[in-house]
Amino acid sequence: MDTPTLARRTLAPLPYHTAVVDYLRLHEPDVWRWANARMSDEQQRESLRSALLRDTYRIEPEAHAEVHAQLACAMARLGIAAPATLYQSPGQEMNAALLFVPGEVHILLQGPLLERMTGPELLAVFGHELAHYLLWSQDDGVLLAAERILHDAVASGQASASQRETWRRYALHTELFADRGGATAAGDLAPAVSALVKVQTGIGTVDAAAYLRQAAEVEASESAASDAHTHPETFIRARALALWWEGAPECDAWIARRLQGPLALEHLDLPGQLRLQAMTRGFLAHYLFDADFATEAVLARVRMLFPDWQADEAALGPEHFGAAAANDCVRAYLNALMLDLALVDPDTQDAALLRAGQLAQSLGSLDALMQNLRRDAAFGKRDMDRYKRRLAKETGE
């Protein structure tokens, strides 16, 4: 069986989903237990059913046999066996949504979606919503528990910036997973792409191949990570789906780059905090490796940051902090850490600052370090000139 066929038949959570679940289980065990206990709330189920019956038109199988046949086909292709109900809600914009109830499928349609979609496109729409059901039902609902924890944290109005960023990214990755369900249900990439574009634009006819070329053009000229809040930009969704459908080996890395981007202090999510912490330890280990200035006073300052600091910490050099891995704010943060350690012990300050300059040069952040020296170490012009001469001599420039 070829790689694309394998990819088309594999609907698994994205790596980001797994990273968030692992983080919450390990670092928020009490909240994790609460979220799992809450999932069995029967009162919430009944409230949802009542609202749907009151505010929508229920699309009965007897009166809408063809639509239900499409739904049954999509469910079979995704391996879902559960009672399913369709509803048409008020509103003119085309949309669809899954209202999750464990063991039951409830899909809400809006606007002229049934009239505008071709048969394969309708399969893709149903597959997208059913993929949400599939994701929330997997592994005893652990991915649903993570979604609810993040949603409730943000809804409380007291969420930290990292919690809000994690919720945003979790939602974006969930939509990419659902898009894969759409292609799987349709049995082809093209109807999944055309259904996506129809819903987003309202256009009546879509050339999926042309839109994928359009998405590739955007990709060639724009590399910034998505700043969307609930659904990635349409061109990102189409491109991500095509890469997955084709079994492209770079698919996961591409998604990480387009939905997360390099580490940025101003946009850290919860897994990113852990990653930056590990990278910080590695960088400090590299800075202090075999250094005469790693005195007990300096190591005591390091232990204030990392109480479990070990003498054999794995080192990470500047090559791990390039533009693809971290932004300028992270490199400025590393400068600040080096300067803080260099100023701890006056007896070794010169050697420590020299090492900091060498590493800042490798990081591409030497100019920023010079500003730190003027502001935080009170270096005057004479001090700066002397420092630059020493640094140039050591680096052979």
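These legends go with close-up views of one predicted model. Local features need pLDDT of at least 70, side-chain atom pairs count only at pLDDT 80 or more, and totals for chains, interfaces and linings use all residues. Residues are numbered from 1 along each chain as its sequence is written, and side-chain values use heavy atoms, with hydrogens and water left out.

**View 1. Helix 18 packs against helix 19.** Helices here are DSSP runs (H or I, at least four residues), and strands are E runs of at least two, numbered from the N terminus. Helix 18 spans residues 366-376 and helix 19 spans residues 381-395. Their angle is about 145° and their axes lie 11 Å apart; axes are lines fitted to C-alpha atoms over the stretch in contact, and angles run from 0 to 180 degrees between N-to-C directions. In this view, look for Leu-366, Leu-369, Met-370, Leu-373 and Arg-374 of helix 18, which meet Met-384, Tyr-387, Lys-388 and Leu-391 of helix 19 (contact means heavy atoms within 4.5 Å). Seven of the contact residues are nonpolar, none polar and two charged (Ala, Val, Leu, Ile, Met, Phe, Trp, Tyr, Cys and Pro count as nonpolar, Asp, Glu, Lys and Arg as charged, and the others, Gly among them, as polar).

**View 2. The largest cavity has a volume of about 50 Å³.** A cavity is a set of points on a 1 Å grid over the protein atoms alone where a 1.4 Å probe fits but cannot get out, while a pocket is an open set with protein on both sides within 12 Å along at least five of seven lines; lining residues have an atom within 4 Å of a point. Grid points are joined across faces, edges and corners, and a volume is the space filled by probe spheres set on the points. Here the lining is Asp-350, Leu-353, Phe-379, Asp-383, Arg-386, Tyr-387 and Arg-390. Helix 19 gives the largest share, four residues.

**View 3. The largest pocket holds about 1200 Å³ of space.** Of its 50 lining residues, Ala-97, Leu-98, Glu-129, His-132 and Glu-175 are the closest to the centre. Helix 9 supplies the largest share of the lining, seven residues. By class, the lining has 24 nonpolar, 13 polar and 13 charged residues.

**View 4. The second largest pocket holds about 260 Å³ of space.** Ala-256, Gly-261, Pro-262, Ala-324 and Ala-325 are the closest to its centre among 16 lining residues. Helix 13 (251-259) and helix 14 (270-288) each give two or more residues to this lining, with the largest share, three residues, coming from helix 13.
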